[in-house]
Amino acid sequence: MNSEITRLRAKNFRRNFSLLQVCLICLIFGPFTTFCLASSNIRLGIDYLQDREFDILQNKRVGLLTHPAGVNSLGKSTVLTLHNTSKVNLVALFGPEHGIYGDEKASVPVDDKIDHRTNLPVYSLYGKFRKPTSKMLGGLDCLVIDLQDVGVRCYTYISCMRYVMEACFEEGVEVVVLDRPNPLGGLKTAGPMIDSEWISYVGAFPMPFVHGMTIAEIALWSKQIPGVLKIEDKVRRKGKLTLVPMIGWKRNMTWPSTGLVWRPTSPNIPTLDSVAGYPMTGLGAQMGKFKHGIGTKYPFRLLTFDGKSPEELKRALENLNLKGLSYKIKQTSNASGKSVRGVYLVIQDWSVWRPTELAFAMMQLTARWQDPSPFSTAKQSEINLFNKHVGSSAWWKHIKTKDSEVDPRPFLLRWDSEVAAFSRKNKSYLLY
């Protein structure tokens with residue numbers, strides 16, 4: 001059973017699951033999918049690894065990159081699942097942004113430490129190093145990745161995976177990716193694409209802002225396509241990647257339909273509401289007076305704008321006529337106990353909701369309401385950070401001009417076309 005996926009022809013991948021070591025799990029354990037779970041029909045990658053008695057890890061020195069949302073379908077952490085079995089020799093842990101315990105703030109460097117549960121070293125990949133060093137990988141035969149993504153390009157867990165894949169392939173260490181659901185489902189995609197000049201840790205892949213892929217699908221695609229991983233092509237081709245898929249997950253499933261419990265992936269993504277809010281408002285609050293609920297119980301879902309009442313803001317949002325959304329005025333408090341009144345975003349119709357449309361409408365309102373526009377007065381460091389997240393130089397050129405009427409609609413139509421083209425090309429690398 002061969003786990004070097006470079007031997008697969010991409011166009012035949014879904015028809016040739018049996019050629020992949022990891023995809024034989026589907027054949028061996030398919031009838032078992034609903035036996036172990038009362039609340040979910042989904043078998044996560046970690047569940048199937050356990051079902052196979054960890055056979056692909058046996059007789060190997062194993063590292064694990066994960067975080068608190070890395071749990072099996074019964075809620076047990078992947079760290080303890082691998083550590084507590086005699087069949088796996090787990091020797092090192094690796095943590096992404098927010099740390100292995102998920103309690104570090106966004107954009108704050110994280111130090112190496114010792115895991116209090118296992119006494120294993122925890123190497124931070126969001127501190128002095130973002131790419132594992134030869135010393136970190138020394139002695140490892142494989143590095144397992146079990147990270148819950150949220151389906152958005154700038155969420156840095158997939159960036160962390162890219163850097164790990166590059167380092168492991170360079171050092172001859174096998175990469176094993178345990179698959180997990182995309183909480184936005186596998187059908188929602190939305191632009192913009194990212195210009196090559198803005199590829200960074202908050203946009204590490206040339207993909208749509210909302211990409212519609214699972215983390216294992218991203219790993220497969222990036223392994224197969226030249227230039228996605230920033231390593232020599234011969235190293236990419238030689239690198240060993242093993243994918244442990246889910247069973248029972250379908251592309252039209254959002255998280256609630258999986259029956260799985262949502263575990264916070266980072267401090268500001270505690271709930272599914274915040275998952276959907278992240279692509280909807282994150283970009284729109286980067287510059288200007290919009291705030292999107294960070295510090296309240298509604299992160300990424302509660303909008304306020306300094307100088308505008310919630311009633312004024314609600315009317316302005318309703319006048320945008322964005323499909324699938326409605327708006328409610330809510331009162332809550334922030335982390336300091338101060339009362340906050342704002343506009344809560346309600347997704348009324350998921351089928352017509354466009355995940356990024358509101359963010360660009362927020363920028364449109366910011367340019368209209370603020371004089372001077374923050375887009376025309378931004379410092380270069382702010383411009384660079386903005387564009388690394390958004391990814392489109394054309395959009396920045398449009399909004400930075402003071403006397404232009406900011407209108408995202410032509411851009412949204414263009415991005416829809418570009419995203420559709422990406423999805424057609426990418427179809428061969430989808431596992432489900």
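Some ground rules. This is a predicted model, where local features need pLDDT of at least 70 and side-chain atom pairs count only at pLDDT 80 or more, while totals for chains, interfaces and linings use all residues. Residues are numbered from 1 along each chain as its sequence is written, and side-chain values use heavy atoms, with hydrogens and water left out.

On confidence: pLDDT is the predictor's confidence in each residue, from 0 to 100. The chain has a mean pLDDT of 90, and 90% of its residues reach 70 or more. Over residues 5-38, though, pLDDT is below 50. Where pLDDT is low, the predicted coordinates should not be read in detail.

Back to the holes. We work on a 1 Å grid over the protein atoms alone: a cavity is a set of points where a 1.4 Å probe fits but cannot get out, and a pocket is an open set with protein on both sides within 12 Å along at least five of seven lines. Lining residues have an atom within 4 Å of a point. Grid points are joined across faces, edges and corners, and a volume is the space filled by probe spheres set on the points.

There are 2 cavities of 30 Å³ or more. The largest cavity is about 60 Å³, and of its 14 lining residues, Gly 99, Ile 100, Val 110, Lys 113 and Val 122 are closest to the centre. Strand 4 (residues 121-124) gives the largest share of that lining, 3 residues; helices (H or I, at least four residues) and strands (E, at least two) are DSSP runs, numbered from the N terminus.

Helix 12 (residues 380-390) supplies the largest share, 5 residues. By class, the lining has 17 nonpolar, 10 polar and 5 charged residues.

The second largest pocket has about 360 Å³, with a lining of 6 nonpolar, 8 polar and 6 charged residues.

Definitions and conventions:
Nonpolar A, V, L, I, M, F, W, Y, C, P; charged D, E, K, R; others polar. Contact = heavy atoms within 4.5 Å.
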